[in-house]
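This report describes one protein model for a reader who has not seen it before. The sequence and structure come first, and the description follows.

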Amino acid sequence: MTALPKCPKCSSEYTYEDGSNYVCPECAHEWPKDAPAAAGEQAKVFKDAFGNVLVDGDSVTVIKDLKVKGSSSVVKVGTKVKNIRLVEGDHDIDCKIDGIGAMQLKTEFVKKA
């Protein structure tokens, strides 16, 4: 028995074959069997508000006051964030900010330091 590939869109392991395609029952994504596995898994390029490419470990500066959900604190303009980690999802950056703690930020609100 051959192992079917995981869904390239949602990483579900419950894919099945349908003619010349693979189908994911969880997200309804379809892709051809003969497509190379690496073609669907292209690395996302993260860019800051000014178009500079960001990588893991970069330092960034916040360009807009950001309210912290569930708290009365605010991340002020000019706050420097060191050693960011880039992730996929609705927020692009995982980081720790001094005085606030662990945060998730969007790349559109930072610039590369």
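Buried means under 20% relative accessible area, exposed means over 50%, and partly exposed lies in between, with a 1.4 Å probe and protein chains only. At 45% relative accessibility, Gly 78 therefore counts as partly exposed.

## Basis of the description

This is a predicted model, in which local features need pLDDT of at least 70 and side-chain atom pairs count only at pLDDT 80 or more, while totals for chains, interfaces and linings use all residues. Residues are numbered from 1 along each chain as its sequence is written, and side-chain values use heavy atoms, with hydrogens and water left out.

## Overall form

Helices (H or I, at least four residues) and strands (E, at least two) are DSSP runs, numbered from the N terminus. Along the sequence the order is β-β-β-α-β-β-β-β-β-β-β-β-β-β.

The radius of gyration is 19 Å, whereas a compact globule of 113 residues would have a value near 13 Å. This radius is taken over C-alpha atoms, and the globule rule is 2.2 Å times the number of residues to the power 0.38. Along the principal axes, the C-alpha atoms fill a box of roughly 55 × 30 × 20 Å. Of the 113 residues, 27% count as buried. Contact means heavy atoms within 4.5 Å. Among contacts between residues at least 6 apart in sequence, 35% join residues at least 24 apart.

## The sheet of β1, β2 and β3

Three strands form an open sheet in the order β1-β2-β3, with antiparallel pairing. The edge strands, each pairing on one side only, are β1 (16-18) and β3 (30-32). From one strand to the next, the twist averages 35°; axes are lines fitted to C-alpha atoms, for helices over the stretch in contact, and angles run from 0 to 180 degrees between N-to-C directions. Two strands pair if DSSP finds at least two bridges between them. Between β1 and β2 (residues 21-23) there are three bridges in the antiparallel sense, and Asp 18 stands opposite Asn 21 in β2.

Two residues in this part of the chain have a positive phi although they are not glycine. Ser 11, in the segment before β1, has phi near 65°. Ala 28, in the loop between β2 and β3, also has phi near 65°. At 58% relative accessibility, Ala 28 counts as exposed.

Strands β11 (residues 93-97) and β12 (residues 101-105) pair in the antiparallel sense over five bridges. Asp 94 has Gln 104 in β12 as its bridge partner. The hairpin has three residues between its strands, and Gly 99 takes a positive phi near 90° there.

The largest nonpolar core has 16 residues, of which Val 81, Ile 93, Cys 95 and Leu 105 touch the most other members. A nonpolar core is a set of buried Ala, Val, Leu, Ile, Met, Phe, Trp, Tyr and Cys residues joined through side-chain atoms within 4.5 Å. Two or more residues of this core come from each of β6, β11 and β12, and β11 gives the most, with three. In soluble globular proteins, nonpolar side chains tend to be buried together. Beyond four places in sequence, the contacts of Val 81 include Val 60, Val 62, Cys 95, Ile 97 and Leu 105.

Asp 58 is found in the loop between β5 (53-54) and β6 (60-62). With a relative accessible area of 13%, Asp 58 is buried. A polar atom of its side chain lies 3.0 Å from the backbone nitrogen of Val 55. Residues that Asp 58 touches, beyond four places in sequence, include Val 81, Asn 83 and Lys 112.

Asp 92 lies in the loop between β10 (85-86) and β11, and is buried, with a relative accessible area of 10%. Its contacts beyond four places in sequence include Lys 44, Phe 46, Arg 85 and Leu 105. Gly 78 is in the loop between β8 (74-75) and β9 (80-81). Leaving aside neighbours within four places in sequence, Gly 78 is in contact with Thr 61 and Val 62.

Methods:
Polar contact = N/O pair within 3.5 Å; in protein donor to acceptor, adjacent residues only side chain to side chain.
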